[in-house]
Amino acid sequence: MDTIPHPDIQSLRSQIHTIKVRICDLFEREAQLKNHVLPFLLATYEQTIGVHEYELLQARVRVLELRFRIQRLSNVLLEGKRIQSEHLNAVELQLQEARKQWRHEIDDKARQLEASRSYLRSPRYQCEHDDRLLRHLYRKACLLLHPLLNEDACDHALFWESVEEAYAKKNTKKFLILFSSILSYGELRPPAPLTDNEKLYQERDRLQLLAWKQLQRVRTILRMPPFNLEQELKDQEWIASRRTELQQSTRALSARRKELLRTYRSILAGSNVLLQ
């Protein structure tokens, strides 16, 4: 004859299950933010704002290069010397070393722009219709396999890494095959239900703390860039304002470069050196 669980035990088990479901939602939300929302926001930012930041970086480096030349040649003149071709060659050699540092930021931005274009063209980004099923499967797998929810479960690590990989790559087909394997795997068994009241209370309290920590973790992520720009990237007025600001800065640097170029030419002309 089956023993009927004490009402407190039934209630605690129900609470524990409810908390676990909530934690799975939060785990999935974090995974979604990091694996899917983050690359989309970065790609969107780069294609709307980043292209203008790239132009600004290029304009800044052009100004720095001219300023570098002017400062080095001015030092030669302050020493009472006349600028010769060897001075120009020495400046260019020094400039090559300085340029490596300045170009590093530009090259990084160029790679970011190319990566964002590739991402927005990729099938991974375009398969949005599979997202709902993918998220549902991840939460179910999380409930069965996540190490923080199933500390005593056998072999949870056997599948969990594959689950995270399939989710990150938005591979719904692989996820379905994987989930079928998880359910049919003979040695995978959930831990035996707790029957001791004290242990149930401890497990409930542990999971409540875990749920709170995970909620704070998700909230912290959402306050960090680029997640804190999600609404701005949907606001065409904000995008236009930011673009205008960057374009104005680029134009100001271009104007400054023209001034420096006139100064540079004047220095060379004063020493009867032709500008190559």
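The largest nonpolar core of this predicted model has 28 residues, and those touching the most other members are Ile23, Tyr138, Leu149, Val163, Phe175, Ile182 and Leu207. Five helices each supply at least two residues of this core: H1 (7-78), H4 (131-145), H5 (156-168), H6 (172-184) and H7 (197-223). Of these, H1 gives the most, with 8 residues. As a general matter, nonpolar side chains in soluble globular proteins tend to be buried together.

Leu207 shows how such a core residue is surrounded. Apart from neighbours within four places in sequence, Leu207 is in contact with Ile16, Ile19, Lys20, Ile23 and Leu149. Two of these partners, Ile23 and Leu149, are also listed among the core residues that touch the most other members.

Cys24 can be taken next. Cys24 has its place in helix H1. Its relative accessible area is 2%, under the 20% limit, so Cys24 counts as buried. Leaving out residues up to four places away in sequence, Cys24 touches Arg139, Cys142, Leu143 and Leu149. The C-alpha atoms of Cys24 and Ala141 are 8.9 Å apart in space, while the two residues are 117 residues apart in sequence.

The contact between Cys24 and Cys142 raises the matter of a bond. How many disulfides does the count come to? The count comes to 0. Cys24 is in no disulfide, and the nearest cysteine sulfur, that of Cys142, is 3.6 Å away. Cys142 is buried, at 0% relative accessibility.

Charged pairs come next. In the whole structure, a search finds 23 salt bridges. In one of them, the side chains of Lys109 and Glu53 meet with an N to O distance of 2.8 Å. Lys109 lies in helix H2 (residues 85-121) and Glu53 in helix H1, so this pair ties together parts that are 56 residues apart in sequence. Are these two residues buried or exposed? Both Lys109 and Glu53 are buried.

Another salt bridge joins the side chains of Arg60 and Glu105, at 2.9 Å from N to O. Here Arg60 lies in helix H1 and Glu105 in helix H2, so the parts tied together are 45 residues apart in sequence. Arg60 counts as partly exposed at 32% relative accessibility, and Glu105 counts as partly exposed at 40%.

The salt bridge between Glu259 and Arg256 has its closest N and O atoms 3.1 Å apart. Both residues lie in helix H8 (residues 236-270), 3 residues apart, which is about one turn of the helix. Glu259 is partly exposed, with 38% relative accessibility; Arg256 is also partly exposed, with a relative accessible area of 34%. Elsewhere, salt bridges that share partners join Glu46, Glu53, Lys109, Arg242 and Glu245 into one network. This network takes in Lys109 and Glu53, the buried residues whose side chains meet at 2.8 Å.

Technical notes: Residues are numbered from 1 along each chain as its sequence is written. This is a predicted model: local features need pLDDT of at least 70, side-chain atom pairs count only at pLDDT 80 or more; totals for chains, interfaces and linings use all residues. Side-chain values use heavy atoms; hydrogens and water are left out. A nonpolar core is a set of buried Ala, Val, Leu, Ile, Met, Phe, Trp, Tyr and Cys residues joined through side-chain atoms within 4.5 Å. Buried means under 20% relative accessible area, exposed over 50%, partly exposed in between (1.4 Å probe, protein chains only). Helices (H or I, at least four residues) and strands (E, at least two) are DSSP runs, numbered from the N terminus. Contact means heavy atoms within 4.5 Å. A salt bridge is a side-chain nitrogen of Lys or Arg within 4 Å of a carboxyl oxygen of Asp or Glu. A disulfide is a pair of cysteine sulfur atoms within 2.5 Å.
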